[in-house]
Amino acid sequence: MSFDTHAAALVAVMAIVTMLLRFLPFLIFRKGRRTPAYISYLGDVLPQAIIGMLVIYCLKDTVLTAAPFGLPELLSAAAVVAIQVWRRSSLLSILSGTAIYMLLIRLI
Amino acid sequence: MNTDGKAPAGGGVVKSAFVTSIPVMAGYVVLGIGFGILLRDAGYGVLWSLAMGVFIYAGSMQYVGVGLLAGGASILTAALTTFMVNARHLFYSISMIGRYRDAGKYKPYLIFGLTDETYSLLCDGEAPAGADPHLYRFLVSIFNQCYWVTGCVLGNLLGAALPFSTEGIEFSMTALFIASFTQQWLTSRDHIPAVVGLLGSLACLLIFGADSFLIPAMLVITLALTLLRPRLTGKGAGG
């Protein structure tokens, strides 16, 4: 079995960038220095927008022009939203949504 | 206040850290298993799962990472995607600067282990009376990573052994983000950032196609939010 060097490089890059993001503020904003307002602002608004982007990213390969016209994705996504609104438990809505999806792609 | 640097009972702080971490246990083990199965389905075995859980240690990024690995993404795409997906960690760290300042030998790991869930457990600054708060936070952080890595490894092994088809299990990632999106929608005052994220990405998906929309989407979102800043910050309670 040959070692996948490119995959190892990708994992290393993901690890290093993640670490940089976590350590950088501790290196830049040492005691007494204030966080710039623009950075704080991005900290408030970016997470919601990026989660929205990731939802689109996950659904990007859904085929809408042929059967089943993205119906399993649509119904399962609606179930996740409904269960999340109802119970406010991410674990419950993720598990139920995934189970519903796995069921639907076998039925539809 | 009497803090002589040593916890009076070593077992006490371990126990209270463990109790604090219990809510994260179920979530991390289950989501870790989902990740492990996905990674196995993409053709990467248990050592890859272990390495990603230990070194990347960022739940949603690892799910996205499976797609990057499977699609043979470029180094630049991987770096930029990680930056955007994990940019929120900058802000977790910023808010913990004061609390972790004097954590000494625990500080590097405390910073490394600052995931969404660990942050949510530790951001209130509470620590049990009498215990070394840094040791307590260190233990909570390390318990959480143990749950996560256990899930990643278990899922990868299970993925190879499960007697039934796991087709469709990849929806767990979609469900994770939809649940998170819904939760943020329910708890935030202003929904413009969420809408910008959805519509900006959708527009870029239609324009640039499924394989190359991520980077333009990140740029469009950052630009749009920068332009909307006067509107989003200028109105107090927002609308």
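This is a predicted model: local features need pLDDT of at least 70, side-chain atom pairs count only at pLDDT 80 or more; totals for chains, interfaces and linings use all residues.
**Contact between the chains**

Chain B contributes 71 residues to the contact, and chain A contributes 56 residues. On the side of chain B that touches chain A, helix α9 (residues 171-187) of chain B gives the most, with 15 residues. The composition of that side of chain B is set out below.

| Residue class on the side of chain B that touches chain A | Number of residues |
|---|---|
| Nonpolar | 48 residues |
| Polar | 19 residues |

**Nonpolar core**

The largest nonpolar core comprises 97 residues. Within this core, the residues with the most contacts are Met14(A), Ala49(A), Leu54(A), Val55(A) and Phe177(B). Helix α2 (residues 37-59) of chain A supplies the largest share of the core, 13 residues. Because domain 1 (10-161) and domain 2 (188-233) of chain B both give residues to the core, it lies between them. When neighbours within four places in sequence are left aside, Leu54(A) is in contact with Ser60(B), Val85(B) and Phe177(B).

**Domains of chain B**

Chain B is divided into domain 1, residues 10-161, and domain 2, residues 188-233. The C-alpha centres of these two domains of chain B are 27 Å apart.

**Ile142(B)**

Ile142(B) is located in helix α8 (residues 133-161) of chain B. This residue counts as partly exposed because Ile142(B) has 16 C-beta neighbours inside 10 Å, whereas a buried residue would need 20 or more. Ile142(B) and Gly113(B) are separated by 29 residues in sequence, and their C-alpha atoms are 7.4 Å apart in space.

Notes:
Residues are numbered from 1 along each chain as its sequence is written. Chains are lettered from A and ligands numbered from 1 in the order in which they are written. Two residues are in contact if their C-beta atoms, placed from the backbone, lie within 7 Å. Helices (H or I, at least four residues) and strands (E, at least two) are DSSP runs, numbered from the N terminus. Ala, Val, Leu, Ile, Met, Phe, Trp, Tyr, Cys and Pro count as nonpolar, Asp, Glu, Lys and Arg as charged, and the others, Gly among them, as polar. A nonpolar core is a set of buried Ala, Val, Leu, Ile, Met, Phe, Trp, Tyr and Cys residues joined through C-beta atoms within 7 Å. A residue is buried if 20 or more other C-beta atoms lie within 10 Å of its own, exposed if 12 or fewer, and partly exposed in between; C-beta atoms are placed from the backbone. Domain bounds come from an automatic or database domain assignment.
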